[in-house]
Amino acid sequence: MGDMFERTELLLGKENVEKLKQARVAVFGVGGVGGFTVEALARSGIGTLDLIDDDVVAESNINRQIIALHSTVGRPKVQVAAERVKDIDPDCQVNIYQTFYLPETAAQFDFTKYDYVVDAIDTVTGKLMLVEQAKAAGTPIISAMGAGNKLDPTAFRVTDISKTKVCPLAKVMRRELKKRGIDHLKVVYSEEMPLTPIKEQSTSEETDSITPGHGKRQTPGSISFVPSVVGLIIAGEVIKDICAK
């Protein structure tokens with residue numbers, strides 16, 4: 001591995017660096033949160049990354065997504081992210097799936113092949129399916145709760161879904177998971193009260209539903225230093241858990 005991960009080895013040790021090299025992590029959603037998670041996982045030496053997202057880079061992503069540049073606007077996010085990973089670590093194997101994770105696409109993924117799953121998608125239906133599929137496979141999963149309409153990156157916490165409060169998305173997930181017999185899920189959530197956007201944008205790529213069923217939610221506001229922090233927190237949890245195995 002040369003000298004690329006020598007500083008990592010000073011902290012984690014040779015054995016753990018090898019564990020990371022042998023690990024396969026799936027990141028569902030490579031936007032504001034997921035993009036920074038992918039970045040940190042690649043720079044930590046994860047050997048195989050599966051990237052799942054059907055979206056393309058939009059100009060409105062540039063304020064907060066690490067893969068979003070004027071030069072990447074209009075390109076599939078998974079392709080841009082994969083190129084960035086390979087530029088960071090040419091030895092990393094990257095598998096890309098240009099698709100949204102939904103109940104109708106869930107069968108494409110064998111969760112028993114993953115050492116860890118990252119849920120960084122927006123739709124509740126998809127998030128619930130991810131958790132169910134990961135739990136059935138016995139694969140660790142961590143889910144990002146609401147990062148939109150937040151301004152305080154220090155308010156984010158890592159905890160079990162049963163201990164969350166304030167966050168509207170966590171409340172919905174907690175209720176829906178309980179209906180499915182799932183009481184525990186590692187999540188990153190914020191105790192900051194969501195702000196109300198000053199005005200609703202008429203068009204945006206972020207129009208996923210925050211509640212089960214149909215209908216669209218108001219486009220959330222977002223800024224550079226919030227989803228990035230969430231993504232890095234998630235990556236840290238993944239690395240620590242893999243090394244602890």
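At 19% relative accessibility, does N149 count as buried or exposed? N149 counts as buried, because its relative accessibility is 19% and buried means under 20% relative accessible area, whereas exposed means over 50% and partly exposed lies in between (1.4 Å probe, protein chains only). The model is a predicted one, in which local features need pLDDT of at least 70 and side-chain atom pairs count only at pLDDT 80 or more, while totals for chains, interfaces and linings use all residues. Residues are numbered from 1 along each chain as its sequence is written, and side-chain values use heavy atoms, with hydrogens and water left out.

N149 lies in the loop between β5 and β6 (156-160), where helices (H or I, at least four residues) and strands (E, at least two) are DSSP runs numbered from the N terminus. The phi angle of N149 is near 60°, a positive value in a residue other than glycine. A positive phi of about 75° is also found at V166, although V166 is not a glycine. V166 belongs to the loop between β6 and α6 (168-179), and with 36% relative accessibility it counts as partly exposed.

The loop between β7 (186-190) and α7 contains V226, which counts as buried at 0% relative accessibility. When residues up to four places away in sequence are not counted, V226 touches A147, K150, L151, D152, P153 and F156, contact being defined by heavy atoms within 4.5 Å. V226 and R64 are 162 residues apart in sequence, yet their C-alpha atoms are 8.2 Å apart in space.

Several helices pack against one another, and their arrangement is described by axes, which are lines fitted to C-alpha atoms, for helices over the stretch in contact, with angles that run from 0 to 180 degrees between N-to-C directions. Helix α3 (residues 32-44) and helix α4 (residues 77-88) pack at an angle of about 25°, and their axes are 9 Å apart. The two helices α3 and α4 are therefore roughly parallel to each other, since angles under 35 degrees count as roughly parallel, over 145 as roughly antiparallel, 65 to 115 as roughly perpendicular and the rest as oblique. The crossing of α3 and α4 is right-handed, a crossing being right-handed if the near helix is turned clockwise from the far one by less than a right angle, and left-handed if anticlockwise. In this pair, V38, E39, A42 and R43 of α3 meet R84, V85 and I88 of α4. The residues of this contact comprise four nonpolar, no polar and three charged, where Ala, Val, Leu, Ile, Met, Phe, Trp, Tyr, Cys and Pro count as nonpolar, Asp, Glu, Lys and Arg as charged, and the others, Gly among them, as polar.

Helix α3 also packs against α7, with axes that come within 7 Å and cross at roughly 40°, which makes α3 oblique to α7. On the α3 side the contact involves G32, V33, F36, T37, A40, L41 and S44, and on the α7 side P227, S228, V230, G231, L232, I234, A235, V238 and I239. By class, the contact of α3 with α7 has eleven nonpolar, five polar and no charged residues.

Helix α2 (residues 14-22) packs against α7 at an angle of about 110°, with the axes 9 Å apart, and α2 and α7 are therefore roughly perpendicular to each other. The contact is formed by N16, K19 and L20 of α2 together with I239, I242, C243 and A244 of α7, and its residues divide into five nonpolar, one polar and one charged.

The largest nonpolar core has 42 residues, and those with the most contacts inside it are V25, L41, I46, L49, L51, I234 and V238; such a core is a set of buried Ala, Val, Leu, Ile, Met, Phe, Trp, Tyr and Cys residues joined through side-chain atoms within 4.5 Å. Among the elements that give two or more residues to this core are β1 (24-28), β2 (48-52) and β4 (116-119), while α7 gives the most, with seven residues. Leaving aside neighbours within four places in sequence, L49 is in contact with V25, V38, L41, A42, V85, C92, Q93, V94 and N95. A second, separate core of 28 residues includes Y101, A134, M145 and C167.
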